[in-house]
Amino acid sequence: GGFLTIGENPFYDRTTLEYNIPEAFGTCALIVTNALGQVAEKRNLPDHAGMIEVGHLLAPGIYFLSLECDGMSVQTVKLLKNN
C-alpha cells in the first residue's frame, strides 16, 4: 500500500506517478534524491490527488523518491533510470 503509484520503473526518459493523499496530510511535495542523498528534483504538489511526470531532468542512475507532507517523509520509493 501507499499513496504513490509509479508507472514504469525502471524507466528510460520519464515516468508517471499517480498520487492520492489524505487531505489531513497538509501540504505535500515529491523530492527526488540521488544515491548520495543530494536533491535532484523537488516538485510541490498542487492538490491531494492527481498525476505528475518525473525523471526527464535526471541522469541515468538510482534515485529515491520521497513523498513529504508538512515536512515529514510519508513514503519513499526507489527509482531506476536506465540509459
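This report walks through the core, the aromatic pair, the salt bridges and a surface patch of a predicted model.

## Ground rules

Since the model is predicted, local features need pLDDT of at least 70 and side-chain atom pairs count only at pLDDT 80 or more, while totals for chains, interfaces and linings use all residues. Numbering starts from 1 along each chain as its sequence is written, and side-chain values use heavy atoms, with hydrogens and water left out.

## The core

The largest nonpolar core has 18 residues. A core here is a set of buried Ala, Val, Leu, Ile, Met, Phe, Trp, Tyr and Cys residues joined through side-chain atoms within 4.5 Å; buried is under 20% relative accessible area, exposed over 50%, and partly exposed in between (1.4 Å probe, protein chains only). Among those with the most contacts inside the core are Leu 4, Leu 65 and Leu 67. Strands 2, 3, 5, 6 and 7 each supply at least two residues, and strand 6 gives the largest share, four residues. Strands are DSSP runs (E, at least two residues), numbered from the N terminus.

Take Leu 65: setting aside neighbours within four places in sequence, its contacts (heavy atoms within 4.5 Å) include Leu 4, Leu 17, Leu 30 and Val 77.

## One aromatic pair

Searching the whole structure turns up one aromatic pair. Phe 3 and Phe 25 sit edge-to-face, 5.2 Å centre to centre with 70° between the planes. The rule is ring centres (Phe, Tyr, or the six-membered ring of Trp) within 6.5 Å, with planes under 30 degrees apart called stacked, over 60 edge-to-face and the rest tilted. Phe 3 is in the segment before strand 1 and Phe 25 in the loop between strand 2 and strand 3, so the pair ties together parts 22 residues apart in sequence.

## Salt bridges

There are three salt bridges, each being a side-chain nitrogen of Lys or Arg within 4 Å of a carboxyl oxygen of Asp or Glu. Two of them involve Arg 14: with Asp 13 at 2.9 Å, and with Glu 53 at 3.1 Å. The Glu 53 pair links strand 5 to the loop between strand 1 and strand 2, 39 residues apart.

Glu 41 is buried at 7% relative accessibility, whereas Arg 43 is partly exposed at 26%.

## A nonpolar patch

Ile 62, Phe 64 and Leu 80 make a nonpolar surface patch of about 220 Å². Patch residues have over 30% relative accessible area and no salt bridge, with like charges joined within 9 Å and nonpolar side chains (Val, Leu, Ile, Met, Phe, Trp, Tyr) within 5 Å; areas use the Shrake-Rupley method with a 1.4 Å probe, and for residues only the protein chains shown count as cover. Ile 62, in strand 6, is partly exposed at 39%.
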